[in-house]
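Work through the exercises below with the sequence and the 3D structure at hand. Try each task before reading its solution.

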Amino acid sequence: MKGRNMTRWRDPAKDPRQEPKSNLITAEGAERLRGILDHLSRVKRPALSTKVGEAAALGDRSENADYTYNKKELNRVIARIRYLTKRLDELQIVDRLPADTDRVFFGAFVTLEDEDGEELRLRIVGHDETDTGKHWISVDAPLAKALLGKGLDDEATVAAPGGETTYLITEIDYRDPRA
């Protein structure tokens, strides 16, 4: 059976997409997800429901682009609301500092130095709050896994597509950088 919906077979035991994701999230991340859920529930969904109702009142739905588009958008918003509601119930909010702030744990801001002397500052956050622009990486990422539990001046080696890369931890901080 060939077709556009066929994909290559992957061994479930080795497929990285099948690895369980952690259910940790920072307090700021949980608040952000709650804000998105609130906006979708109170603003976006009622507005789309109104648009769908108005478009349906115009008559023939089979040739009504407004109806079709807004109905699809409404279904997408409802699915997102359902996902966020379920996800927020599953998440464990980490809202306090670890006992040992001299080691890298969830929520830490870490400054690394690579073999070439380049500095990289990143934060270890939950799967739902990763942001490449801010250099916030998931606690499930290989780099984060290599850093967890390490202390200042420890080295962490990470397998990368171009070969292994070693990083030196030069700073560990748990404060909000915006403060």
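The exercises that follow cover annotated regions, salt bridges, a surface patch, distances and backbone angles.

The model is predicted: local features need pLDDT of at least 70, side-chain atom pairs count only at pLDDT 80 or more, and totals for chains, interfaces and linings use all residues. Residues are numbered from 1 along each chain as its sequence is written, and side-chain values use heavy atoms, with hydrogens and water left out.

**Exercise 1. Annotated regions**

Task: Describe the secondary structure of residues 24-93 and of residues 100-174.

Solution. 
Step 1. An unreviewed UniProt entry gives residues 24-93 the feature "domain: Transcription elongation factor GreA/GreB N-terminal". UniProt positions are given in the numbering used here, feature names are shortened, and annotations may be inferred rather than shown by experiment.
Step 2. Residues 24-93 are 81% helix and 7% strand. Helices (H or I, at least four residues) and strands (E, at least two) are DSSP runs, numbered from the N terminus. The end C-alpha atoms of this span lie 6 Å apart.
Step 3. For residues 100-174, the UniProt annotation, also from an unreviewed entry, reads "domain: Transcription elongation factor GreA/GreB C-terminal". This stretch is 8% helix and 43% strand, with 11 Å between its end C-alpha atoms.

**Exercise 2. A salt bridge within a helix**

Task: Find the salt-bridge partner of Glu 73, and decide whether Glu 73 is buried or exposed.

Solution. 
Step 1. A salt bridge is a side-chain nitrogen of Lys or Arg within 4 Å of a carboxyl oxygen of Asp or Glu. The structure holds 10 of them.
Step 2. The partner of Glu 73 is Arg 76, and their closest N and O atoms are 2.7 Å apart. Both residues belong to helix H2 (residues 65-90), where they are 3 residues apart, about one turn of the helix.
Step 3. Buried means under 20% relative accessible area, exposed over 50%, and partly exposed in between (1.4 Å probe, protein chains only). Glu 73 is buried because its relative accessibility is 15%. Arg 76 has 46%, so it counts as partly exposed.

**Exercise 3. Salt bridges between strands**

Task: Work out which residues form salt bridges with Arg 121.

Solution. 
Step 1. One partner is Glu 171, with an N to O distance of 4.0 Å. This pair links distant parts of the chain, since Arg 121 is in strand E4 and Glu 171 is in strand E7 (residues 163-173), 50 residues apart.
Step 2. Another partner is Asp 173, whose closest N and O atoms with Arg 121 are 3.6 Å apart. Here too distant parts of the chain are linked: Asp 173 lies in strand E7, 52 residues from Arg 121 in strand E4.
Step 3. Check the accessibility of each residue. Arg 121 is partly exposed at 31%, and Glu 171 is partly exposed at 36%. Asp 173 is buried, with a relative accessible area of 11%.
Step 4. Elsewhere, salt bridges that share partners join Arg 87, Glu 90 and Asp 128 into one network.

**Exercise 4. A charged patch**

Solution. 

**Exercise 5. Distances in sequence and space**

Solution. 
Step 1. Pro 20 is in the segment before strand E1 (24-26).

**Exercise 6. Positive phi angles**

Task: State where His 135 and Asp 153 lie, and give their phi values.

Solution. 
Step 1. His 135 is in the loop between E4 and strand E5 (136-138). Its phi is positive, about 65 degrees, although His 135 is not a glycine.
Step 2. Asp 153 is in the loop between helix H3 (142-147) and strand E6 (155-160). Phi of Asp 153 is near 70 degrees, again a positive value in a residue other than glycine.
Step 3. His 135 is partly exposed at 40% relative accessibility, whereas Asp 153 is exposed at 57%.
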